[in-house]
Each structure stands twice: as structure tokens, then as C-alpha cells.
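Walk through this protein with the structure open beside the text.

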Amino acid sequence: MSREYDVVILGGGTGGYVAAIRSAQLGLKTALVEKEMLGGTCLHKGCIPSKALLKSAEVYDLAKNQATQFGVDAKEVTLDFSRVQARKEGIIKQLHQGVRGLMKKGKIDVFEGLGRMLGPSIFSPMPGTISVEMNNGEENEMLILKHLIIATGSSPRTLPGLEIDEQQILSSDGALSMTELPTSMLIVGGGVIGIEWASMLNDFGVEVTVVEYADRIIPTEDLDISKEMKKLLSKKGITFVTGAKVLPETLAKEEKSITIAAEIKGETKTFTAEKMLVSVGRTANVDGIGINNTEIEVDNGFIKTKPTFQTKESHIYAIGDVIGGLQLAHVASHEGIAAVEHIAGIENEPMDATKISRCIYSSPEASSVGITEQQAKEQGYEIKVGKFPFMAIGKSLVNGNSDGFVKIIADKKTEDILGVHMIGANVTELISEAGLAMVLDATPWEIASTIHPHPSLSEVMGEAALAVEGQAIHM
């Protein structure tokens with residue numbers, strides 16, 4: 001059966017379903033194709049389930065190791081990991097039902113099955129018609145379209161020789177489905193996902209070792225944030241090994257352990273743990289969707305697009321992880337809206353990656369927006385820096401967690417803020433003020449002039465802004 005649409009979205013993850021909603025709002029006849037579950041990786045295998053587990057780990061650690069500082073004597077604290085997983089699944093189910101409800105509300109046709117692009121055919125002289133192999137076994141649906149948005153997302157990457165079996169060698173997908181916690185975990189990769197898992201497992205009581213190829217963990221973040229994160233997580237008992245090249249050929253599996261060696265500064269060191277988590281980035285889902293039937297270009301594994309998110313086929317757009325860049329759910333959502341609005345003839349400013357907030361939901365959390373101090377210097381800026389610790393913020397002491405700081409980097413010539421970097425409790429909730437400041441081309445003086453409520457964690461922003469000129473009050 002064939003159907004005609006103004007817009008078809010291939011992929012029902014965060015970027016895809018948000019694009020579908022915006023398309024419907026603009027009066028475009030819209031269809032969404034998803035081969036698994038609406039919500040995609042973020043809802044089912046990433047953002048939401050991992051944060052649910054991180055919250056349970058935080059509560060467990062608080063009750064077991066920190067409650068006494070609040071005058072609370074919590075005796076015989078135990079962990080029921082099956083209930084932790086059940087809570088996670090409950091949150092996913094509720095949000096999944098919400099997304100399905102939004103599709104129904106927007107009168108968006110949802111096709112559950114594997115969609116592939118066709119070349120020019122009897123259905124359309126243009127490539128891009130979607131053939132949907134329906135999950136229910138019914139005959140293929142043919143979706144004839146004016147515009148297509150590819151939002152097929154990404155999957156965990158692995159290293160040659162470290163094949164994922166989701167039993168002893170896990171991806172982040174498999175780790176989310178563990179029914180029991182291991183006694184020890186070796187994490188290959190000290191990026192954002194690796195650090196979140198290291199923090200979570202450590203709070204659950206798992207012995208954790210992180211092996212990172214670069215010379216520091218979270219190497220894309222500001223150096224001061226990287227150093228502080230390593231210091232605070234090491235203090236909690238996590239072992240970090242940086243500058244380490246894992247040697248897959250040394251992999252050895254036993255019934256309840258896994259061993260591998262790594263080369264570190266010319267020497268070889270062996271690591272053994274019950275399980276291994278491979279966290280070395282994500283690869284775009286470009287295979288099997290019919291790209292070969294179009295003129296769409298793929299570069300280094302990612303679909304190439306213009307600033308408007310159009311591919312070489314001008315009626316076909318691509319958004320989210322499949323085009324690379326910052327592989328974040330909120331970026332995919334923004335790109336989806338921008339692509340749909342371009343289709344509808346609405347002009348928008350091109351997206352500026354330096355104004356996108358980035359978050360790490362470990363304990364402590366980290367967040368940032370803009371460029372790092374190192375990048376600012378490399379780009380030729382003459383800078384001034386303000387830094388203020390949570391230790392001097394009353395609400396941090398009240399909350400019982402005063403580790404970390406906020407760092408603001410400003411252009412000495414223009415006074416504009418170039419970057420804001422935070423580490424500490426709840427900083428993923430504080431970063432939006434910095435993000436707004438970046439969008440408005442604010443100066444540190446303007447942030448400092450904002451009267452922040454007392455006592456609140458947000459006071460750290462005002463103090464860090466004052467610190468840029470050496471005028472912090474409480475330091």
C-alpha cells in the first residue's frame with residue numbers, strides 16, 4: 001500500500017519524534033518510521049535509563065556513606081538491584097506512553113518497521129520514497145514524500161578484537177540490562193559515558209578501573225574540569241589509568257573474570273575484572289537504510305549536511321547523531337525543529353555549537369558551554385578567567401556537598417563570555433544560566449549584576465563572574 005506525505009521522518013528517537021511534532025504543528029502531513037520503540041536510544045538505552053540508575057546509585061551512597069553527616073543514623077542499608085531496575089523500567093514505560101500520546105495528539109502516522117530509501121521509481125521520480133518492512137508481518141508500506149528527514153541515530157562503537165557479547169564484554173546498552181551487579185568492572189574509555197558508568201557503579205559498591213587512551217579523562221572538556229573530576233572520583237575509590245593503549249590480542253576470558261593488557265608509556269600492564277564495559281564513542285546508523293539509492297554523501301561514517309541540514313539530495317535532510325557533531329539528545333531535538341522549519345520556509349540562524357550546553361551526570365556532575373581555556377588560547381584570544389569554589393557557597397554546605405567550582409572565561413578585549421565550565425553537585429541544572437548568557441552575548445558584569453537568591457547554588461555564578469575582575473565577595 002502506498003501513502004503520500006509532506007514530511008516523513010526515518011527514526012523515532014528524540015530528534016525524530018520532536019521533528020514530527022513540529023511538522024504537525026506547522027500543518028504538514030507527517031509520518032514517522034521507527035523499527036524498534038518510539039523514543040529511541042535516549043529514552044530506552046541512554047539518557048533516561050542511565051540517569052535513573054545514577055539517581056538510585058546516588059541515593060544508595062547517600063544513605064550508606066553520607067547520612068550520618070546530616071544527623072541521620074541509617075543502619076543496615078541494603079541495595080535491591082532488581083527494584084532499581086524495575087524503577088528504571090517504570091520511568092521508561094511512562095515516558096514511552098507519553099511519546100505515543102503526543103504522536104496521537106498530533107495526528108502523526110507512526111509506522112513500526114524497518115524503513116529503507118528507494119531510488120527513483122514508479123512511486124516517485126525523486127529518490128527517497130520509504131519502503132517500510134512492517135514489524136507485524138503485513139505487506140510493505142510505501143511512503144511517498146515531498147521531504148524526508150533521516151534521524152536514525154547511532155550505536156555503541158567497539159574496538160577491533162573486543163567484540164561485544166553483552167555477557168562479559170558489555171556496551172552501554174548491555175550494561176543497562178544487567179540483572180546483577182558485578183564485583184568489579186574494567187571500563188575501556190574515560191569519556192562522558194565511561195565516567196558516568198564509573199561513578200554509578202562505584203556508588204553501587206562495584207570496584208571500578210577506567211582505562212583511557214588519551215592523557216586525561218574527559219579530554220574534550222576544560223583541563224581544570226578533567227583534573228578535578230579525576231581527583232574527586234579517585235578519592236571515592238575509582239582507579240584511573242590514562243595514556244593507555246588497550247591490546248585486544250591479550251584478551252583472556254575465564255568463567256567469572258576477564259583479563260586484558262594495555263601499553264602505558266612503553267610498558268605493559270595487565271588488568272582483571274569480572275566484566276568489561278567498552279565505552280569508546282558511538283557510530284552512526286547509516287547501514288541498511290538505502291543511502292546507496294541516493295546521492296547522499298557519507299564522510300567518515302556520518303551523513304554530510306549543509307547548515308540547513310539538507311543532504312546532497314536537497315529534499316532529504318539528516319539530523320542528530322547520524323550527522324556527527326555533538327551527539328546529544330537536546331542537539332538532535334533542536335536540529336529536528338530547524339530542519340522542519342526550513343522545509344516550511346521559516347528562516348532561522350544557523351546553529352552555533354559553542355552555545356550548546358554539555359552535561360556529565362556523574363557524581364560529581366560536570367557541565368559546560370562555550371570553549372575551553374585551552375581552545376581560547378589556541379584561537380588567539382587574550383583572556384581573563386574567574387573561578388569560584390562551591391566550598392564558599394552556603395547552600396553547598398547545607399546540602400552536604402561542597403566539592404567543585406565554576407570557571408568563567410572571558411575575552412579581555414570585548415568582555416564577552418567565551419566559556420563557562422562547572423563541576424559539582426547539581427551543576428547540570430545551573431548550566432542553563434550560562435547558556436542563556438552565551439546566547440545573549442553577555443559579559444561577566446551582566447551575570448554579576450543579576451541578583452541571585454540567597455541561599456542558593458546559583459550564587460556561585462554571580463561570584464565566579466565577579467572573580468573574573470578579582471572582585472568576588474566571599475573569597
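The model, which is predicted, holds 1 disulfide. Its partners are cysteine 42 and cysteine 47, with sulfur atoms 2.4 Å apart. A disulfide is a covalent bond between the sulfur atoms of two cysteines. The torsion about this S-S bond is about -130°, so the disulfide is left-handed. Are the two partners buried or exposed? Cysteine 42 has 16% relative accessibility and therefore counts as buried. Cysteine 47, at 28%, counts as partly exposed. Cysteine 359 is in no disulfide. The nearest cysteine sulfur to that of cysteine 359 belongs to cysteine 47, and it is 11 Å away. Cysteine 359 is itself buried, because its relative accessibility is 15% and the cut-off is under 20%.

Helix H3 covers residues 47–66. Its buried residues include Pro49, Ala52, Leu53, Ser56, Ala57 and Tyr60. An α-helix has 3.6 residues a turn, so residues three or four places apart point the same way. Look for that spacing among Pro49, Leu53, Ser56 and Tyr60, which are among the buried residues of H3. What covers them? The cover for the buried residues of H3 includes helix H2 (40–44), helix H4 (81–105), helix H5 (172–176) and helix H6 (192–203).

Move on to a sheet of three strands. It is open, its order is E11-E12-E13, and its pairing is antiparallel. Strand E11 (244–253) and strand E13 are the edge strands, and each pairs on one side only. Neighbouring strands here are turned by 25° against each other on average, direction ignored. Strands of a sheet pair through backbone hydrogen bonds, either parallel or antiparallel. Strand E12 (residues 258–264) and strand E13 (residues 267–273) are joined over 7 bridges. Two of these pairs can be followed by eye. Threonine 259 has threonine 272 in E13 as its bridge partner. Isoleucine 264 has glutamate 267 in E13. E12 and E13 form a hairpin, with 2 residues between them. In that turn, lysine 265 has a positive phi of about 55°.

The next sheet has 5 strands. It too is an open sheet, in the order E19-E20-E23-E22-E21, with antiparallel pairing. Strand E19 (358–360) and strand E21 (383–389) stand at the edges. Each has a single partner strand, so one side of each is left without a neighbour in the sheet. E21 and strand E22 (residues 405–411) run antiparallel and are joined by 7 bridges. Within that pair, glycine 386 of the sheet stands opposite isoleucine 408 in E22. Helix H13 lies across E21, E22 and strand E23 (417–424). H13 runs at about 140° to E21.

Lysine 407 is found in strand E22. What does its side chain meet? A polar contact of 2.8 Å links it to the side chain of aspartate 222. Another polar contact, also given as 2.8 Å, joins it to the side chain of aspartate 224.

Finish at helix H13, which spans residues 459–467 and contains glutamate 459. Glutamate 459 is buried, because its relative accessible area is 16%. Beyond its neighbours up to four places away in sequence, glutamate 459 touches Ile393, His452, Pro453 and His454. Which of its contacts are polar? The side chain of glutamate 459 makes a polar contact of 2.9 Å with the side chain of histidine 454. A polar atom of the glutamate 459 side chain also lies 3.1 Å from the backbone nitrogen of serine 456.

Terms used
Residues are numbered from 1 along each chain as its sequence is written. This is a predicted model: local features need pLDDT of at least 70, side-chain atom pairs count only at pLDDT 80 or more; totals for chains, interfaces and linings use all residues. Side-chain values use heavy atoms; hydrogens and water are left out. Helices (H or I, at least four residues) and strands (E, at least two) are DSSP runs, numbered from the N terminus. Buried means under 20% relative accessible area, exposed over 50%, partly exposed in between (1.4 Å probe, protein chains only). Contact means heavy atoms within 4.5 Å. A polar contact is a pair of N or O atoms within 3.5 Å; within protein, one must be able to donate a hydrogen and the other to accept it, and residues adjacent in sequence count only if both atoms are side-chain atoms. Two strands pair if DSSP finds at least two bridges between them. A disulfide is a pair of cysteine sulfur atoms within 2.5 Å. Axes are lines fitted to C-alpha atoms, for helices over the stretch in contact, and angles run from 0 to 180 degrees between N-to-C directions.
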